[in-house]
Amino acid sequence: MYEKTYPNKRFKHTLKFLQKHINTSESILDLGVKNPFSEIMISEGYSVTNTTGEDLDDNQSAIESSNVDVVTAFEIFEHLLSPYEVLKSIKADKIVISVPLKLWFASAYRSKTDMRDRHFHEFEDWQLDWLLEKTGWIIKDSQKWTNPVNKFGIRPILRRFTPRYYIVYAEKASNSN
């Protein structure tokens, strides 16, 4: 996945945000297969397990049976048809989620060669906030950042000042159990 590029800026911001809210003594279920960022979390002292590649739209059993303190979902929810069901199935009391943000004129991303590398949702910040609220989560902190790229074109220019990523830390509402 990261053969040609490595998202250093995104990983740096994500790790700093995670460290601000999650203690290394808390166990983490990271949604998605083991990846470079889950390796970074482990190297920083976090206890991390990953889901194993199952289709989380159809099968939330790994989430439902997990006995962890925190669930993380970095760049996962845009690929799901029903992130609502995934959020409802989480037993942990804390979540950290990041999503790429929609550019107002851009179509949803779709790889023609990898069925799993497609975005069903192109989020705006308010949409993720509403989804979390509707599924019983209270947002405690959030952050956005840009991701400029050294390419020519309208999108690269807009990415210099338009936020590209949105990250949220939320806790389960006490009455949602």
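Let's start with Arg-10, which counts as buried at 10% relative accessibility; buried here means under 20% relative accessible area, exposed means over 50%, and partly exposed is in between, with a 1.4 Å probe and protein chains only. Before I go on, a quick word on the model: it is predicted, so to speak of local features we need pLDDT of at least 70, side-chain atom pairs count only at pLDDT 80 or more, and totals for chains, interfaces and linings use all residues. Residues are numbered from 1 along each chain as its sequence is written, and side-chain values use heavy atoms, with hydrogens and water left out.

Back to our arginine. What does Arg-10 meet in a salt bridge? The partner is Glu-75, with 3.7 Å from N to O. By salt bridge I mean a side-chain nitrogen of Lys or Arg within 4 Å of a carboxyl oxygen of Asp or Glu. This pair links distant parts of the chain, 65 residues apart: Arg-10 is in helix α1 (residues 8-21), while Glu-75 is in the loop between β3 (70-74) and α4 (83-89). Helices (H or I, at least four residues) and strands (E, at least two) are DSSP runs, numbered from the N terminus. Glu-75 is buried too, with a relative accessible area of 12%.

How many salt bridges are there by this rule? The count comes to five. A second one joins Asp-141 and Lys-20, where the closest N and O atoms are 2.9 Å apart. Here again distant parts of the chain are linked: Asp-141 in strand β5 (residues 137-145) and Lys-20 in helix α1 are 121 residues apart.

Leaving out residues up to four places away in sequence, Asp-141 touches Phe-17, Lys-20, His-21, Ile-167, Val-168 and Tyr-169, where contact means heavy atoms within 4.5 Å.

One more salt bridge: Lys-34 and Glu-39 meet at 3.6 Å, N to O. Lys-34 is exposed at 55% relative accessibility, and Glu-39 is partly exposed at 39%.

Now for the rings. There are four aromatic pairs, counted when ring centres of Phe, Tyr and Trp (its six-membered ring) lie within 6.5 Å; planes under 30 degrees apart are stacked, over 60 edge-to-face, and the rest tilted. Phe-37 and Phe-74 have centres 5.1 Å apart and planes at 80 degrees, so that pair is edge-to-face. Phe-37 lies in helix α2 (residues 36-43) and Phe-74 in strand β3, so the pair ties together parts 37 residues apart in sequence. Phe-37 is buried at 4%, and Phe-74 is buried at 12%. Together with Phe-11, these two form one aromatic cluster.

Finally, Trp-145 and Tyr-165 are both buried.
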